[in-house]
Every structure is written in C-alpha cells, then in structure tokens.
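The sequence and the model are shown first, and the description follows.

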Number of protein chains: 2
Amino acid sequence: MPREIHLNAFDMNCVGHIQHGLWTHPRDQSCRFNELKYWLNYARRLEAGLFDGIFLADVVGVYDVYGRSADAALRGAVQVPVNDPMLIVPAMAAVTANLGFGVTCNLVYEQPFLFARRMSTLDHLTGGRIAWNIVTGYLDSAARANGLAEQARHDDRYDLADEYMSLVYKLWEGSWDDGAVLQDRAAGVYADPSKVRAIHHRGAQYQVDAMHLCAPSPQRTPVLYQAGSSARGRRFAASHAECVFVNGQQKEGVRRIVDDIRAQAVQLGRRACDVKAFLGGTLVLGRTEKEAKEKFEDYRRYASSEAALVHAAASLGIDFAKYDLDEPVDTGKSQAIVSNIEAVTRSAGPQWTRRKLLEQMVLGSRQAPLIGTPASVADTLIDWCEDTGVDGFNLSRTVVPECIDDVIDLLVPVLQERGVYKTAYRQGTYREKLFGHARLPPSHVAAQYRSAS
Amino acid sequence: MPREIHLNAFDMNCVGHIQHGLWTHPRDQSCRFNELKYWLNYARRLEAGLFDGIFLADVVGVYDVYGRSADAALRGAVQVPVNDPMLIVPAMAAVTANLGFGVTCNLVYEQPFLFARRMSTLDHLTGGRIAWNIVTGYLDSAARANGLAEQARHDDRYDLADEYMSLVYKLWEGSWDDGAVLQDRAAGVYADPSKVRAIHHRGAQYQVDAMHLCAPSPQRTPVLYQAGSSARGRRFAASHAECVFVNGQQKEGVRRIVDDIRAQAVQLGRRACDVKAFLGGTLVLGRTEKEAKEKFEDYRRYASSEAALVHAAASLGIDFAKYDLDEPVDTGKSQAIVSNIEAVTRSAGPQWTRRKLLEQMVLGSRQAPLIGTPASVADTLIDWCEDTGVDGFNLSRTVVPECIDDVIDLLVPVLQERGVYKTAYRQGTYREKLFGHARLPPSHVAAQYRSAS
C-alpha cells in the first residue's frame, strides 16, 4: 500500500515569499495580503482541496545584506513588508474546520510566558489545529530591531532554544492537569487548585515562576515543526520536532538529512515514524506538458532573479552586489556560519559567481519548480517520497490563487486515484490527523514535564 | 442638541471578568470563551446593536494576593484562566464591518518592535478598527511570570511607558511615508525605498535600529485608550490617550478626573474634545422596574462576593484573607502604591474591614449595577454624561449573552429616541467614527515622529 502524501501550502503574510517577482503577474493577488478576505478565501480553497495545513513562514527583520541596504528588498517586495503570521490564523480558522495552521515564530524575541499563552489560545480557538515552526532566526537586522547589536551565534541560539522549549513544555504540559477544569456551576468551582501549579524555571536565559494562564488546550503543546538542517539543527529536530521541513534539489542530500534526523530521534527513544518530513516544492501544472511549459514561460517573464539574489544574499550573509558578474564570490564566512543551505553551495560549485547564482534562479528563487502534467508531477512526488523518505510537501506559491487551484483541480484527483492522498479529513486535532494521537507521545522529551499526579 | 453616547462592551478573554460568580448562572455562556463561535456570535450581536466597540481587558498574571495563593481565583474563575485577547480580534473582524476592537496590552512585557507589528497587522486586517488600551500592569505575579523578581515601581513603569510610546510612534508614524507603497507591477517596484527608513531609538530601556516591518495601516497608530487615574497616570493620559477609561461611583470624583486629564491635555496643546472619556458601568435592565429588580435578584443569587474580594485584594495589594470580618484592615501600603482605586478606599471609609468591603460587592464586584427600565437607565446615563463630561460607557457583562441582548433590544431604542445614540455607523476607521479624523491630529505627541518628507 503506498504511503499517504501530505500537502501544506507554504506561504507568508507578505507579497513576495519564495518565487520572487511573481507579484507583478497580472493575475497574482498576493498584494492583497493586508485583506482579511484574501486569507478567508485562501483557507476555504485549501480546505476544499483537503490540504493538511497552511504553513506560514516569517522573518522579523529585513534583507539588507545585498548592497548593504534594504532598498532592493523594498523595491522587489522581498518578504517586506511582512505582517504578523499568527493574526491571520483565527480568521482562517473561523471559516474552516479541518485545515491545520503552522505558524513560524522566532523564539529568540518572544517572551516565552506570553508566547505560550498565544499558542494555547490559538489551540483552543482552532479546536487543536495549531502547529509551531520553531525558528531561531538568521538576520542581524532582526537582532538590531529587537535591542541587540547582532544576533547570537548559531549554536548558542539552539542552546537557548533548548532551554526555551523546556520552559514552554512546563507551561503547556505540566502546569494544569487533565481534569483541572471542573466547571461545576452548582458548587461554584471552576477549576480545582490542587490540579494546577506554578512552574519554576531557572535557566541560563529565563526565569519564570508562574502557572500557565490557559487551561489545557486540545493539543497542549502545538504540533512542532522545525526546519534547521545544520548538524546542531538536526540534533534539535531529533529531540523536539514532529515534522521537519527540508529543502533540497538532490534526493541523496534530502534522504541523508531525513535519515539522520530519524536515526537521532530513535537514539533518543522516539520512533522513526514520530518524525514526518516535508520537502519544499514548487509546482507548475498544466493539463498537457505543453500547457504546463507555456504557463511556466508566462510566469517566468514576471520572475525576478535579482530579487531572488537579494533573498539569497540575506540567507547566506554575502553581499553579492559588490561582485562583478563573473568575479569569484568569497564564501568563507558563509560556509562557516550558514550550514542549512548546503544545497546551494554544492550546486554552485566551489567557485561561485553572481552569474552562476543568477542562472540558478529559475523562477525567482533558487528552488526550481516541477513543471508538468498532473500525472507526471504525481509520479515525481511519489518517487521523491519513496526515494527520500519524506512524507509530503510544503508547496510554495507561484501566481496565487491559480497555483492553488491548479493543485486542487488537477493534481489532487490524480494523487487520490493513485491512493496516496486522502479523500476526506480524519477526525480530531492536527496531531491526531497526522499521527493518530492527540498529545505528544510519552517518548517525546516534553513528556518528562508532565505532572506525576 | 444632546451629545452622542458611545457604548463599548467591556469584556475579557476569560470566564469571570468584573461581576464575579455569574458564570454559575444557568444561562451564562462565558465558559465558552475558548470557542471561536462564541466570539463570532458576540461580535455580530454587538454590531447589530451599533456598539462602538468591544473593549478587551487583560492581565498577564494571576490574583494570588488573597490567602497568598491563586487557589481562590482558580476556584472562582477570577480572571483565570485567561487567554490572549488579541487573537480573538481577527475572527470577530471577519464577521463584522464597523465594530471597533480595543485590546489591552501590557507594554512592560511586550517586545516593542514585534508588538508594533502585531498592532499594524490588526489595523490592516480590520480595515482600521483597532484600539490599544495601554497598561503597565499591577501584578507582581505577572513580573515573576516574565523573568522579574517583582514589578517596577508605579511611576517608573510610566516612565518606561513614555519611552515605549515614543518608540512605537516612530515605527507607526515615521518609518514609512504615505505613498511609499507603489505596487507598480509594470515597473516591478513594490515600495519606494526613498520613502521608507529605519528608525533609530536609543533610550534608557530600548534600543532599536530598524524599519517598521509593516506598510502604513489605515490608522497607523491605533486609537489609544488608557485607564490610569493616578496623578502620573493622568499625566500620561493627557499626553497620549484619545480615550480614557474611568471608574467611579461618585460623579464629582469622575468629573474631577476627566476635567483634570482634559485640562492637562489642553496645556499640552491638544483640544479637550481630543480626549473622550468612557465610564465603567454595569446595567441590569427590565421592561418594568419590577422585572429589572427580579432579574437583579436572580443574578445576585449567583454572584460571589468572595471572588470579588479576591479580585480587589490583587488590585489593592492587600491580603484580606488574613483579617477577621470586623478587624480593621491595614491599608498603609495600598494607599501609597495603588492610587487608581481611590473610590473604594473613600467609600469604605478610613477604617476598612472585610465585612464593609464584602457589603460593597453588590453583584460580585465593587462596581454596583444600574438597575431599572430602559427609560430610567437612559436618564441616568444621560445625566452622568452631562454631569461628568464622559462620552460613553464601557459596559461590563453580567449574564452573557442576555445582558448584551437587553442593551440592544431594550436600551438602544430608547437612547436613539432621545437622540443620543447613532442609528447607523459612520463611515471610516475607528478613529474617524469617534473623532472624524483618520490619523492622530498634528497636536498629538506622536505627530513629531512623522517624517518631514
């Protein structure tokens, strides 16, 4: 029996997300990101297509490495302006019943006590449909926006993240017992104080003495996503993540990352199937190969390779603007500190140039799209799942909303025919839909923070 | 011509808000606060009644002064559990077009850069219907939850608040010029970088070097509410607040506070009419006096004076549980540090006892309700506006949703007949509806942070 393929829409509360420049396409509606109606319609469509979830990226700084200013990012709408991702979720939840919501939050700048309350509130309001994509950021511009001269070092951020996780687990899993809420009108007792307790956290970064402000939500801890693929990032994922988000154009590289995370998870006492992997992907679909290619050529006229380079410059920490087109790019610093973009450095070869990188930006991004008929794309997706062990895809948008409609109208029926895509949502919370259990399993690191009572 | 009376629903994302114990009433639905549908229906009703807004209170700690633990608060659902107030707004906005949303946020624990983004996001999504109730907190339990041993001193918190305001004004008013967003598809230019700039804030508490992440929202700065009535709080309000929230049972006390804030505002170059005042109120309405009294007696059977005392203990910083019923309460510390509850200390007299205080808790709160027919209550409200200079009321709930229905079905028509209540919403943003202008006026302290360009 073939494995089920999961699909998330990968998006962001902004104009240009991954495939840059496509906002200039006459049919693209991403400029409507400030409008509630845009997101309501989006969520309704995704649920009609039985998408597992919408996965919302975020950054809390701007891309100001390229040319040492944010000017190019502003001109090209390269993830700026960018609104808060969390605040579109309650509205989308109001018009859906099954769609999951993965929200990226950079824990470095979020007060953990209040962040935990936000997540619990969302989990309550959505009936247990919340996931958190745990990130620690990579932008000095975000650090400067939040009171620091520069961000902490890569591995130090993960140490902080480990402490942060232990703190929020205590609040989510340990502060309120199941059954603490009695809601006994006759006795006039809402909650049983003997089943609620303050947590006491004394760490290197955080000190908290308080009970969680929220009663237990359906999932308690949100479904945990993580996307780091550095060695330290994979170690973190093996410990905490239920879903990992992987990027890569080469199967063996993706397989290696996924296998490594699962192997480390098993070493920590978890099961390999406790970690689902989602691969980033971009699709351009047509009813015929010709139609797909024509659509791609149409889209490509609006894509911006320069905007893609602005994005890559910030990710890699390299100011490409200061190099001539064929001048070798000094990647020393980047190779040392940014290890989650190995794919790019490998594919560009040891001697990068701006020209080589620009040539890689096929559709306004270093992520090349899959172009084809529903049948051929379905084949490719199934092959990727079989060959790499990924469970599904985070599909970035090209021209919205038609790219979503194409997936729903063209691809989903084919995946269903092949028996690799659900024909109805499962009951229950997001975690139950993905894993079959409502709460984190006992083998997860969070379980130790549950109260013995 | 009589002045228009504004009405806000005063509520909180929790069970017991002001009138404690009433959640035990068989018809009360406040226990549904975790449900999105509860808030959607609530918002629809309020808009049907032409309420100006829903004003959402918040605390980020628990009431653990009474008996030196939070046990009584948990039993009585005295503002615990309490969910994040901001996250119900997008959903309520999705089902309304004119209702305003006042959200309480304690600035002490919110990273200003990310807070500013949240507010701008909400202002975008709601089409300019957001207000912020600026608070600095009063709970040591909140400080301990957020990494501090205890909270800063009262006046120091306002100094911090002044700095915080200058910082968020820079982001909201100064970082992006009008016209910065070009959205020029043909030229491929989304924003004009010459009209966007980083702000540079170097203060005692905050350092920020960053551009605001959001393009200008309809109101830029949200409508500003403030509720402090201490000398320092009034000074802060005179400088920043567009709406002040006042509590008090005695007209002369309320008048004095409102007059003082407006006089100080005028000294700062603002107009008296730039500050609208809202009085806290609780209504129990019946079609006849008899029906109203019976409803009050019915409600009163479910009210909890002890829960009210738990709330007051936290507000006053006095552990009433350690006093016998008729033992004089030592109010020394409280009188010194808590000046925004003068009304209570006055009405209880110089020699407080628990018994005296409990007797004041008429309906589960130190806020006594107005009880009567629509005609008599309308008279009283109009008198209050005329005698004290307040512009409207923040109406706390008794038994929801029927208390809202009573206002809409019984009181609003009478207020409309008297010509003191709108018969349709005005066009425009929340600020335009209240004041006739979309942006803060040039006389407001925020205006200095606008770019000269």
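A salt bridge is a side-chain nitrogen of Lys or Arg within 4 Å of a carboxyl oxygen of Asp or Glu. One such pair is Arg262(B) with Asp391(B), whose closest N and O atoms are 2.7 Å apart.

## Basis of the model

This is a predicted model, in which local features need pLDDT of at least 70 and side-chain atom pairs count only at pLDDT 80 or more, while totals for chains, interfaces and linings use all residues. Residues are numbered from 1 along each chain as its sequence is written, chains are lettered from A and ligands numbered from 1 in the order in which they are written, and side-chain values use heavy atoms, with hydrogens and water left out.

## Two chains and their axis

Chain A is superposed on chain B by a rotation of 180 degrees with 0.0 Å of shift along its axis, at an RMSD of 0.0 Å. This is how a two-fold axis relates its copies. Within chain A, Ala91(A) has the C-alpha nearest the axis, 2.1 Å from it.

## The interface

Contact here means heavy atoms within 4.5 Å. Chain A brings 70 residues to the contact and chain B brings 70 residues. Of the interface residues of chain A, 100% are also interface residues in chain B, so the copies meet through the same surface.

The two chains bury about 6,000 Å² between them, 63% of it on carbon and sulfur atoms; buried area is the accessible area (1.4 Å probe) that two parts lose on being put together, summed over both. Leu87(A), Arg185(A) and Tyr190(A) supply 13% of the area that chain A buries against chain B, more than any other three residues.

Between chain A and chain B there are 6 salt bridges. Several elements of chain A each supply at least two residues of the side that touches chain B, including α1 (36-48), α5 (140-145) and β8 (207-210). Helix α4(A) gives the most to that side, with 8 residues. Helices (H or I, at least four residues) and strands (E, at least two) are DSSP runs, numbered from the N terminus.

In chain B, helix α4 covers residues 112-125, and its 14 residues should span 20 Å at 1.5 Å a residue; the end C-alpha atoms are 20 Å apart, which agrees. The expected span is 1.5 Å times one less than the number of residues. Buried means under 20% relative accessible area, exposed over 50%, and partly exposed in between (1.4 Å probe, protein chains only). In α4(B), 14 of the 14 residues are buried, so the helix is largely enclosed by the rest of the structure. Just after α4(B), Gly127(B) has a positive phi of about 65 degrees.

In chain A, Arg118(A) lies in helix α4, and its partner Asp84(B) lies in the loop between α2 (71-76) and α3 (89-94) of chain B. Their salt bridge has its closest N and O atoms 3.7 Å apart. Asp84(B) is buried at 5% relative accessibility, and Arg118(A) is buried at 3%. Arg118(A) also meets Glu110(B) in a salt bridge of 2.8 Å, N to O. A network of salt bridges links Asp84(A), Glu110(A), Arg118(A), Asp84(B), Glu110(B) and Arg118(B).

## Salt bridges within a chain

Over all chains, the whole structure holds 70 salt bridges. Arg255(A) pairs with Asp259(A), the closest N and O atoms being 3.0 Å apart. Both residues lie in helix α8 (residues 251-267) of chain A, 4 residues apart, about one turn of the helix. Arg255(A) is partly exposed at 31%, and Asp259(A) is partly exposed at 33%.

Arg262(B) is buried at 13%, and Asp391(B) is buried at 8%.

## Backbone exceptions

Most residues other than glycine have a negative phi, and most peptide bonds are trans. Gln183(A) has a positive phi, near 50 degrees, and its place is in strand β5 of chain A. The peptide bond from Val400(A) to Pro401(A) is cis, with omega near 0 degrees. In chain B, the bond from Val80(B) to Pro81(B) is cis, with omega near 0 degrees, and Pro81(B) is in the loop between α2 and α3.

Technical notes
Least-squares fit on C-alpha atoms with pLDDT ≥ 70 in both.
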